[in-house]
Amino acid sequence: MELPTTADPTHLVILAGLIIACGGGAGILFPSRSGQWLSILLTAAGSLLGMTGGVMRLAGVEGTVREFAWSFPMESPLVRIDPLSAFFLIPLFIVAPVAGLFGRGYRPLETDSRRGTLTLFLSLFTGSMVFLLISAHAILFLMMWEIMAISAWFLLTIDSQDPQVRRAGTIYLFATHGGTMALFVMFSLMRGATGTFRFPLPGEMGAEGGGATAILILALVGFGGKAGVMPLHFWLPGAHANAPSHVSAMMSGVMLKMGIYGILRVSGMFSTLPPWFGWLILILGGWSAVSGIALAASQSDLKRLFACSSIENVGIILTGIGIGFIGMSQGDQTLMALGFTGGFIHLLNHALFKPLLFLGSGVIIHGTHTRRIDRLGGLMKSIPWTGGAMLLGSVAISGLPPLNGFIGEFFLYLASFRHAMTSSLPFLLLVAPMLALVGGTAVIAFVKFFGIVFLGSPRRGYDHPHDGGVTMTGPMVILSILMLLVALYPLLVIRGAMPVVAQVGHLSLTGVSSLLSFVPAPLLGWMNLALILVVAGAFFLFRRFIPAGSPRSTTWGCGYLAPSPRMQYTGTSFSQMAVDLFGIVATISRRSPRISLIFPTLEKFGVRTREMVIDSLLVPLFQIAGSGFSWLRRLQHGKLHIYMLYIFVTLFIMMLAWHP
Amino acid sequence: MIDAVIHVILTIFLPPLLLGVITRVKAIFAGRRGAPLLQPYYDILRLMRKGSVFSTTTTWVFRAGPLVTLCSILTASLMIPLGHHPPPISFAGDVILFAYLFGLARFFTTVSALDTGSSFEGMGAAREVTFSALAEPTLFFAVITLARVSHSLSLSEILTFVTPQRWLSVGACMILLTVALFIVLLAENCRIPFDDPTTHLELTMIHEVMVLDHSGPLFGAILYGAAVKLFVLSALFVGVAFPFTTGSPLLDWPLLILKLLVTAIAIGVVESVMARLRLVRVPQLLVGATILSAFALLLILR
């Protein structure tokens with residue numbers, strides 16, 4: 001297929017970013033139905049353009065390096081698109097229009113009390129991420145990073161009358177600004193090392209011991225916090241749970257990946273990486289995966305469950321990237337190719353099924369006005385299309401064949417087995433049982449979610465949940481089709497990931513291709529297709545055995561005459577055994593009824609998952625800091641003339657110091 | 001080609017016989033005559049002829065569950081080598097797909113159990129997902145050990161590698177693997193000491209209670225699927241535990257059937273002499289099996 005090589009990927013992506021960012025203005029200028037549709041249309045058009053540019057770059061079309069002649073204090077900023085940027089642009093341009101379309105049905109602009117704020121900041125959010133991915137200048141990068149973070153805060157706190165939302169917003173703001181602070185220090189160190197704010201080309205920066213260590217650690221802190229890596233994950237569950245659902249889809253599907261992009265970008269600048277870097281990423285990834293899914297299994301709020309599962313998936317992605325770096329430092333190129341490919345494929349897969357799950361949760365919340373799993377039930381009868389999509393999403397996120405989640409994990413398993421087979425000290429063999437445990441716990445979490453929310457009978461009454469029409473069902477169908485495409489034709493994503501692996505691993509494209517040639521990717525696609533066909537065939541066969549008019553009855557309840565829906569298993573009871581086993585990681589605080597008098601009184605029973613980092617570390621830390629610095633409050637007395645004296649004294653001292 | 005045909009024929013027709021053998025062994029231990037060896041066949045065929053009653057609480061997921069379970073287990077059976085004969089489907093990394101197909105089966109079994117909206121099924125589903133999550137790492141440790149000694153990523157080559165001479169050369173490791181795989185076999189197929197397939201007290205069931213509400217042909221599919229799962233995992237077990245072959249490929253088929261029957265008798269003996277463990281002990285036994293297989297791996301690292 002002949003691609004139009006006259007168009008330039010860089011220009012296409014810049015144009016895409018500008019179109020998307022302007023779409024936000026449409027929401028403010030025309031706060032009505034047509035304004036929202038205009039914004040969605042602009043986002044879709046921009047995404048299509050940008051996707052073309054990204055795919056062109058991955059297919060090998062070189063993009064020009066554009067320089068913006070702005071009067072920055074240092075050199076003028078550059079934008080440059082390389083395979084790494086192009087690969088991360090793909091999920092952005094898939095999820096952004098889909099989430100925007102969902103927002104039309106979920107929060108119609110004409111009935112929204114915030115009048116266009118959501119549309120504006122959604123477009124700014126997406127547009128800033130586009131420019132973030134292609135910027136090759138530290139100041140431009142940080143500007144876009146801040147716009148992305150602040151837009152996310154505005155989107156998150158859109159329902160600020162709810163105190164939970166405000167609390168989640170505060171914790172998110174604190175976390176993101178702490179990370180940005182680390183990024184400021186890191187970019188300053190980089191400027192000290194290279195003399196310029198422009199990003200060096202991949203592989204150009206020499207590693208100089210202490211400076212390199214500091215830069216890498218700061219990158220892990222700043223970007224890892226944004227990605228939601230343990231132990232900097234504490235903002236994730238609250239933020240993703242309390243944001244509007246399509247915003248959660250964007251945040252979870254795309255914003256987390258910006259953190260991973262940052263880690264890869266900064267580490268890619270070094271010509272050689274220290275050997276401990278890969279192991280550190282692997283350990284952080286493994287820890288995030290195991291504790292993330294254990295946390296997810298213990299949640300009783302469905303969006304918090306998805307958010308904690310995002311922590312787990314980021315852990316799996318980092319496991320793959322860590323294996324890649326370990327392979328690079330040990331000189332095992334096959335291991336490196338397998339690890340990186342697995343990480344990148346899982347990244348793309350996660351950007352498909354996590355937004356699907358969040359959009360579905362939007363439909364659930366829209367209809368039932370509750371996020372509590374234990375209050376829902378039997379929704380499959382009311383919202384069958386959403387239920388079907390959520391079933392696909394749950395099967396995919398558990399990494400089960402025949403869907404796409406399996407493909408990424410397959411590569412990681414292969415990497416672990418290969419290391420076990422060929423190395424004398426195969427520490428990586430522990431990755432495979434860890435992934436198996438994580439997969440098993442993911443099945444617990446998502447069977448709990450799907451089974452309790454959609455199946456059985458409603459545990460509380462609620463008003464009519466309904467499938468949301470084209471605007472709300474369409475995005476989920478689109479994402480499901482993309483998931484099936486990846487599952488049945490995995491070579492598509494593998495070929496898409498190979499240029500990125502080549503760039504990150506300092507190999508040639510043909511080199512990567514030959515290293516990965518032993519992986520039976522087409523056969524996996526055929527096996528998935530065969531499984532789907534066999535299941536379809538079994539359905540068809542059994543339709544002949546089971547006549548349509550089979551008698552109906554009530555569920556067998558051991559002869560109990562008055563069964564009630566409250567006798568069903570709740571989500572908390574379903575995961576209780578597993579959560580007790582994982583007690584080290586996901587601590588539960590139980591409030592049990594106290595028996596003090598002879599006759600029964602009204603008592604309460606509650607189960608709450610504790611957020612270890614927030615409750616045990618950050619809140620006491622802040623309280624100590626608050627009480628420790630309380631003496632400084634004496635300076636804040638409100639007397640204006642003394643404040644003017646402070647300013648005078650400061651200026652005086654500064655002038656004395658400046659002019660010796 | 002002829003191997004593939006015999007493989008498929010055995011997979012379709014042999015599994016219920018294993019169930020019959022287990023029941024007969026338990027009956028002998030109990031001093032009874034027991035049901036005929038072919039009773040599971042009669043049961044499945046009878047269920048196919050019966051009608052079904054569906055609960056008003058259930059949806060299409062309830063009907064999909066047994067079908068998806070059966071299909072995924074049958075697909076997994078195409079990848080397991082029987083004896084030393086190559087399976088119909090074999091590729092690098094098929095062990096991973098093999099293990100995850102069982103995960104898919106478990107997902108749909110538990111989800112269709114939760115569809116009934118009954119606390120019995122919920123209880124069984126909760127226990128099943130927890131115990132399976134603990135049994136998965138054991139299987140992977142065993143597979144990694146075998147992959148390392150055989151330098152291959154494909155199930156057929158891994159199990160073909162296990163011959164009597166090689167068994168003796170890494171003897172301690174293989175014994176540990178045999179024990180660990182036997183425990184996994186019992187756990188995945190819901191046998192004593194993890195679950196009692198003959199109990200009728202819902203409070204003590206795991207697998208039996210998940211299928212309490214199914215009837216008719218779907219229940220027949222469940223029974224048959226459970227039999228095929230036992231067959232497939234027993235084939236994995238005998239590949240590791242009984243490495244003898246006769247010289248000729250043609251005689252290997254009856255030898256394989258004999259090995260499978262011996263495994264079924266062993267399961268029957270274990271079921272007759274042990275009681276089901278208390279539920280709090282089950283995770284401990286599973287983690288113990290994981291540690292055993294990790295030890296097996298340690299032994300071959302040097």
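In this predicted model, the axes of helix α16 (residues 431–454) of chain A and helix α21 (residues 571–581) of chain A come within 9 Å and cross at roughly 165°, where axes are lines fitted to C-alpha atoms over the stretch in contact and angles run from 0 to 180 degrees between N-to-C directions. Since angles over 145 degrees count as roughly antiparallel, α16(A) and α21(A) are therefore roughly antiparallel to each other. On the side of α16(A), I444(A), V447(A), K448(A) and I452(A) meet G571(A), F574(A), S575(A) and A578(A) of α21(A), contact meaning heavy atoms within 4.5 Å. The residues of this contact comprise five nonpolar, two polar and one charged.

Elsewhere in chain A, helix α12 (residues 333–368) holds S361(A), which is buried, with a relative accessible area of 0% (buried means under 20%, with a 1.4 Å probe and protein chains only). Apart from neighbours within four places in sequence, S361(A) touches S245(A), L302(A), K303(A), F306(A) and M390(A).

Where the chains meet, 72 residues from chain B and 70 residues from chain A take part in the contact. The area buried between them is about 6,300 Å², and carbon and sulfur atoms give 79% of it; buried area is the accessible area (1.4 Å probe) that two parts lose on being put together, summed over both. Y100(B), F107(B) and L114(B) supply 12% of the area that chain B buries against chain A, more than any other three residues.

Residues are numbered from 1 along each chain as its sequence is written, and chains are lettered from A in the order in which they are written. Local features need pLDDT of at least 70, and side-chain atom pairs count only at pLDDT 80 or more, whereas totals for chains, interfaces and linings use all residues; side-chain values use heavy atoms, leaving out hydrogens and water.

Technical notes:
Helix = DSSP H or I, 4+ residues; strand = E, 2+ residues; numbered from the N terminus. Parallel < 35°, antiparallel > 145°, perpendicular 65-115°, else oblique. Nonpolar A, V, L, I, M, F, W, Y, C, P; charged D, E, K, R; others polar. Buried < 20%, exposed > 50% of the residue type's maximum accessible area, 1.4 Å probe, protein only.
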